[in-house]
Amino acid sequence: MEAIGVLMTCPMSTPLEEELDKKFKLFRFWNFPDKIDFLKQNSNSIRAIVGNATAGADALLIDSLPKLEIISSFSVGLDKIDLGYCKQKGIRVTNTPDVLTEDVADIAIGLILATLRRICESDQYVRKGLWKLGDFKMTTKFSGKRVGILGLGRIGLAIAKRAEAFSCPISYYSRNEKPNTTYKYYSNVMDLASNCDILVVACPLTAETRHIINREVMNALGPKGVLINIGRGPHVDEPELVSALVEGRLGGAGLDVFENEPEVPEKLFALDNVVLQPHVGSGTFETRADMGNLVIGNLEAHFLNKPLLTPVV
């Protein structure tokens, strides 16, 4: 398979990059400033794309590669890949579900605790020597808080399971009510936000869910409510989020994702009731290794005419 051309859209994992280099003819897209010229010169050599949550494959890129057969995504989210066009063109698509579920659920709970208990702020309080001048301010408990989850898929269920251990009542909104669960179902996000203390965004990004967390939803969550986003940045209307936090209409936020990564609204930096993470929900050595193995495994399966491990299209 060393002669099979694979286009890696951006830097994402050094071990994955090294394995791809060993097994395939790897093209690192970011190393070519003139991408149009690069694609013209190599369009007939590339049969696979490896993308991620930052850079996938739109219709323009797909059309530039007439020999493209498969897109193997180093992520579970697929919003950066034109799935409809892939179906139309007969291009296979895979992702990395399940292996990152536990890590992302862990970081969601971590963001809840860090935001409610002001862990980052209190850490700085100690480091700056302020403890010697007096005790740190009171914070808010997590145990028993009403947790609303937007999207009760693999990750949403894992978050719910963890929140239950904190004696939290769980409710959710998704496109359809889920069977075999006792969690309270709301048929729209406004009702969910109105009936929870913590709203966790854990759904896929689609045209329908873009900016699903808007001004009205934030107002419904209220000045004591906390928003946690481990989904995708564009789920949230970011300017409205900044306004709600600055004006006190929203109590706090824990954010692992942003609308225009790696750009983050600077006004958030000055807010003590906000915890910011650089999109690291799955960022552990163990999980990234498992994700890389799935990417490689799917490519190998495809080119050996074997069933794909995690097919999407």
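**Cavity, pocket and local details**

Mentor: The count comes to 1 cavity of 30 Å³ or more. A cavity here is a set of points, on a 1 Å grid over the protein atoms alone, where a 1.4 Å probe fits but cannot get out; a pocket is an open set with protein on both sides within 12 Å along at least five of seven lines; and lining residues have an atom within 4 Å of a point. Points are joined across faces, edges and corners, and volume is the space filled by probe spheres set on them. This is a predicted model, in which local features need pLDDT of at least 70 and side-chain atom pairs count only at pLDDT 80 or more, while totals for chains, interfaces and linings use all residues. Residues are numbered from 1 along each chain as its sequence is written, and side-chain values use heavy atoms, with hydrogens and water left out.

The largest cavity holds about 40 Å³ of space. Its lining is made of N229, G233, V236, E238, L241, L255, V257 and F258. By class, that lining has 5 nonpolar, 2 polar and 1 charged residues. The classes are nonpolar for Ala, Val, Leu, Ile, Met, Phe, Trp, Tyr, Cys and Pro, charged for Asp, Glu, Lys and Arg, and polar for the others, Gly among them.

Strand β11 covers residues 252–255, and G252 belongs to that strand. Helices (H or I, at least four residues) and strands (E, at least two) are DSSP runs numbered from the N terminus. G252 counts as buried because its relative accessibility is 1%; buried means under 20% relative accessible area, exposed over 50%, and partly exposed in between, with a 1.4 Å probe and protein chains only. G252 and L116 are 136 residues apart in sequence, yet their C-alpha atoms are 7.9 Å apart.

Helix α5 (101–116) is one of the elements that supply at least two residues each to the lining of the second largest pocket, along with α6 (119–127) and β12 (274–276). That pocket has about 320 Å³ of space. It is lined by 18 residues, and C120, E121, Q124, L271 and D272 are the closest to its centre. Helix α6 gives the most to this lining, with 4 residues. The lining divides into 11 nonpolar, 3 polar and 4 charged residues.

Most residues other than glycine have a negative phi, and most peptide bonds are trans. In the loop between β11 and β12 lies P262, joined to E261 by a cis peptide bond with omega about 5°. D98, in the loop between β5 (92–94) and α5, has a positive phi near 70°. H279 also has a positive phi, near 50°, and lies in the loop between β12 and α11 (285–303). D98 counts as partly exposed because its relative accessibility is 47%; H279 is partly exposed too, with a relative accessible area of 24%.

The aromatic rings come next. Rings of Phe, Tyr and Trp (its six-membered ring) pair if their centres lie within 6.5 Å, with planes under 30 degrees apart called stacked, over 60 edge-to-face, and the rest tilted. The count comes to 7 aromatic pairs. One of them, F29 with F38, is tilted, at 5.7 Å centre to centre and 45° between the planes. F29 is buried, with a relative accessible area of 10%, and F38 is buried at 4%. Ring pairs link F27, F29, F32 and F38 into a cluster.

A charge sits over a ring if NZ of Lys or CZ of Arg is within 6 Å of the ring centre and within 35 degrees of the ring normal. The charged end of K35 sits over the F29 ring, 5.1 Å from its centre. K184 has its charged end over the ring of Y186, 5.3 Å from the centre.

The S13 side chain reaches the backbone nitrogen of L16 at 3.2 Å. S13 is in the loop between β1 (5–8) and α1 (14–23). S194, in helix α8 (residues 189–194), has a side-chain polar atom 2.9 Å from the backbone oxygen of M190.

Note on methods
A polar contact is a pair of N or O atoms within 3.5 Å; within protein, one must be able to donate a hydrogen and the other to accept it, and residues adjacent in sequence count only if both atoms are side-chain atoms.
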